[in-house]
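Reader: I'd like to learn how to read a few structural features from a model. Could you walk me through them?

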Amino acid sequence: INSDMQPLLAAFAATIPGESIVTYTRFAERFQYVGEFQKMGIDIVNYQNCAVIQGGEVFGGNVTATDLRAGAALTMLGCIAHGVTIVENTYVMNAKAAVR
């Protein structure tokens with residue numbers, strides 16, 4: 001899976017019933033979004049270089065964008081979540097800030 005798409009595809013997997021596994025071996029820090037997904041009621045667990053997701057319902061919550069990609073995924077999830085979602089640290093989603 002392309003590292004840029006990982007949080008977005010994990011967000012998609014979180015919305016469909018069943019188990020999905022996202023594996024990535026280059027950068028372990030690419031899984032920082034897992035804790036934020038959990039704040040939205042998503043059943044996701046990180047094991048070293050993979051995340052195991054049990055898809056289901058998504059609930060609103062206060063979450064933090066850990067990077068551009070995670071911020072996009074959290075924003076997408078917030079659009080379909082039950083309840084209100086507040087995404088903090090959105091400056092990382094600004095294209096100029098991401099380039100610096």
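Author: Let's go through salt bridges, a loop residue, a helix, aromatic rings and the core.

Author: Before we start, this is a predicted model, so to speak of its ground rules: local features need pLDDT of at least 70, side-chain atom pairs count only at pLDDT 80 or more, and totals for chains, interfaces and linings use all residues. Residues are numbered from 1 along each chain as its sequence is written, and side-chain values use heavy atoms, with hydrogens and water left out.

Reader: Fine. How many salt bridges does the structure hold?

Author: Side chains of opposite charge can pair when their charged atoms come close. The cut-off here is a side-chain nitrogen of Lys or Arg within 4 Å of a carboxyl oxygen of Asp or Glu. By that rule there are two salt bridges. One joins R69 to D4, with N to O at 2.7 Å. This pair links distant parts of the chain, 65 residues apart: R69 sits in helix α3 (residues 68-80), D4 in the segment before α1 (6-14). Helices (H or I, at least four residues) and strands (E, at least two) are DSSP runs, numbered from the N terminus.

Reader: And which residues make the other bridge?

Author: E36 and K39, with their closest N and O atoms 3.2 Å apart.

Reader: Is E36 buried or exposed?

Author: Buried means under 20% relative accessible area, exposed over 50%, and partly exposed in between (1.4 Å probe, protein chains only). E36 has 10%, so E36 is buried, whereas K39 is partly exposed at 45%.

Reader: Let's turn to a loop. Where is E57 found, and what does E57 touch?

Author: E57 is in the loop between β3 (50-55) and β4 (62-64). Contact means heavy atoms within 4.5 Å. Leaving out residues up to four places away in sequence, E57 touches G41 and H82. With H82 there is also a side-chain to side-chain polar contact at 3.2 Å. That term covers a pair of N or O atoms within 3.5 Å; within protein, one must be able to donate a hydrogen and the other to accept it, and residues adjacent in sequence count only if both atoms are side-chain atoms.

Reader: Now α1. Why call α1 largely enclosed?

Author: Because seven of its nine residues are buried. Those are Q6, P7, L8, A10, A11, A13 and A14. What covers them includes β1 (18-23), α2 (33-38), β3 and α3.

Reader: How many aromatic pairs are there?

Author: Rings of Phe, Tyr and Trp (its six-membered ring) pair if their centres lie within 6.5 Å; planes under 30 degrees apart count as stacked, over 60 as edge-to-face and the rest as tilted. The structure holds two such pairs. In one of them, Y33 and F37 have ring centres 4.9 Å apart and planes at 55°, so the pair is tilted. Both lie in helix α2, four residues apart, about one turn of the helix, and both are buried. F31, Y33 and F37 form one aromatic cluster.

Reader: Which residues touch the most other members of the largest nonpolar core?

Author: A nonpolar core is a set of buried Ala, Val, Leu, Ile, Met, Phe, Trp, Tyr and Cys residues joined through side-chain atoms within 4.5 Å. Of the 26 residues in the largest one, they are Y33, F37, M40, I42, I44 and I53. The largest share, five residues, comes from α1. As for I42, its contacts beyond four places in sequence are A14, F37, I53, V58 and L77.
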